[in-house]
Amino acid sequence: MIKLFRKNRQKLLAKKTPAGRAGKFANYFAYATGEIILVIVGILIALAINDHSNSKKKLELRNSYIIQLNDEADRNLKKLTLLNDEALHMLKELDTVFKILLYKDYDNPRLSTKSFYLIMSKKFYPVMITYENLKFSGDLKLFDDLNLRNAISETYETFNSIEKLEASEQQAIEAYYENFLMQNVKFRNMGISSDTYGKDIYFENMVLTRMTTIAQNREAYSNAIESLKTLKNTFTEMRYKD
């Protein structure tokens, strides 16, 4: 296109123009106009190339983030699935304890062994490096789709619910350990007879409390798992579109 402008400008300059000042001015005007047009066209082409290059870089960076977020989702899914399975196992064990108390079978040896689940707890340590980088660098805006940006943020926000539940559960465990076990239970006699603590209402209430909190944890784990799976599916669809 620039060559075409140059040829037209040369033809214009080669044309015979009236003698005198008017003719010279016409030539200079034509020359100047051609130069201006060439500069403008050059700038527009450079801007278009630069914009295309920037768009390509942004797309590559976004796709790099998608790969990292997807890997992060896999790691968090693995942790949450394991925690969910362990929580289910703990619920079954504590359900056995509850039934023993319900039938007042205080000398049942399983009461002492399974009651240790009352002070057992698991904690979720999420992997959030990529998401934190996205959030604090401002690169989250690379995801043009507002719904997708919200989906990413909301998925990681499900971890907040888990953290709050685990913190509340830990407080209950610490209170039980300090206020009841250390004061009322002789650990060397726990396997012989639970008559000294099995009948205590505080102990029974703790069993029910732990069963409730563990069930809440499982619900929070399940919500986070489903959210992560949905996000992974969205990333897969995006890669196919690209």
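**Figure 1. Residue classes around the largest cavity.** Five nonpolar, two polar and four charged residues make up the lining of the largest cavity. The structure shown here and in the other views is a predicted model. The volume of this largest cavity is about 70 Å³. Its lining is formed by Leu83, Glu86, Ala87, Met90, Ser121, Lys122, Glu169, Arg210, Ile214, Asn217 and Tyr221. Helices α2 and α6 (201–241) each contribute at least two of the lining residues. Counting cavities of 30 Å³ or more gives two.

Figure 2. Thr81 sits in helix α2. Is Thr81 buried, exposed or partly exposed? Its relative accessibility is 36%, so Thr81 counts as partly exposed. A polar atom of the Thr81 side chain lies 2.7 Å from the backbone oxygen of Leu77. Tyr221 is 140 residues away from Thr81 in sequence. In space, the two C-alpha atoms are 7.7 Å apart. Tyr221 is also one of the residues lining the largest cavity.

**Figure 3. The largest pocket.** This pocket has a volume of about 180 Å³. Its lining has 11 residues, and those closest to the pocket centre are Arg62, Lys141, Leu142, Phe143 and Asp144. Which helix gives the most to the lining of the largest pocket? Helix α2 (residues 21–102) does, with four residues. By class, the pocket lining holds five nonpolar residues, one polar residue and five charged residues.

**Figure 4. Lys114 in helix α3.** Lys114 belongs to helix α3, which spans residues 109–114. The relative accessibility of Lys114 is 16%, so this lysine counts as buried. The cut-off for buried is under 20%. The side chains of Lys114 and Glu93 are joined by a polar contact of 2.3 Å. Leaving aside residues up to four places away in sequence, Lys114 touches Glu93, Leu94, Thr96 and Val97.

Figure 5. Helix α4 covers residues 129–137, and its buried residues are Thr130, Tyr131 and Leu134. Why do they lie on the same side of α4? They cover an arc of only 100° around the axis, and this puts them on one side of the helix. An α-helix has 3.6 residues a turn, so residues three or four places apart point the same way. Ile129 and Phe136 are exposed on the other side of α4. After α4 comes Gly138, with a positive phi near 85°.

**Figure 6. The chain as a whole.** The chain contains six helices and zero strands. From the N terminus on, its elements run α-α-α-α-α-α. How much of the chain is buried? Of the 242 residues, 33% are buried. Contacts between residues at least 6 apart in sequence were also sorted by separation, and 83% of them join residues at least 24 apart.

Conventions. Residues numbered from 1 in each chain as written. Predicted model: local features only at pLDDT ≥ 70, side-chain atom pairs only at ≥ 80, totals over all residues. Heavy atoms only, no water. Buried < 20%, exposed > 50% of the residue type's maximum accessible area, 1.4 Å probe, protein only. Polar contact = N/O pair within 3.5 Å; in protein donor to acceptor, adjacent residues only side chain to side chain. Contact = heavy atoms within 4.5 Å. Arc of directions from axis to C-beta. 1 Å grid on protein atoms, 1.4 Å probe; cavity = no way out; pocket = protein on both sides within 12 Å on 5 of 7 lines; lining within 4 Å. Points joined across faces, edges and corners; volume = space filled by probe spheres on them. Nonpolar A, V, L, I, M, F, W, Y, C, P; charged D, E, K, R; others polar.
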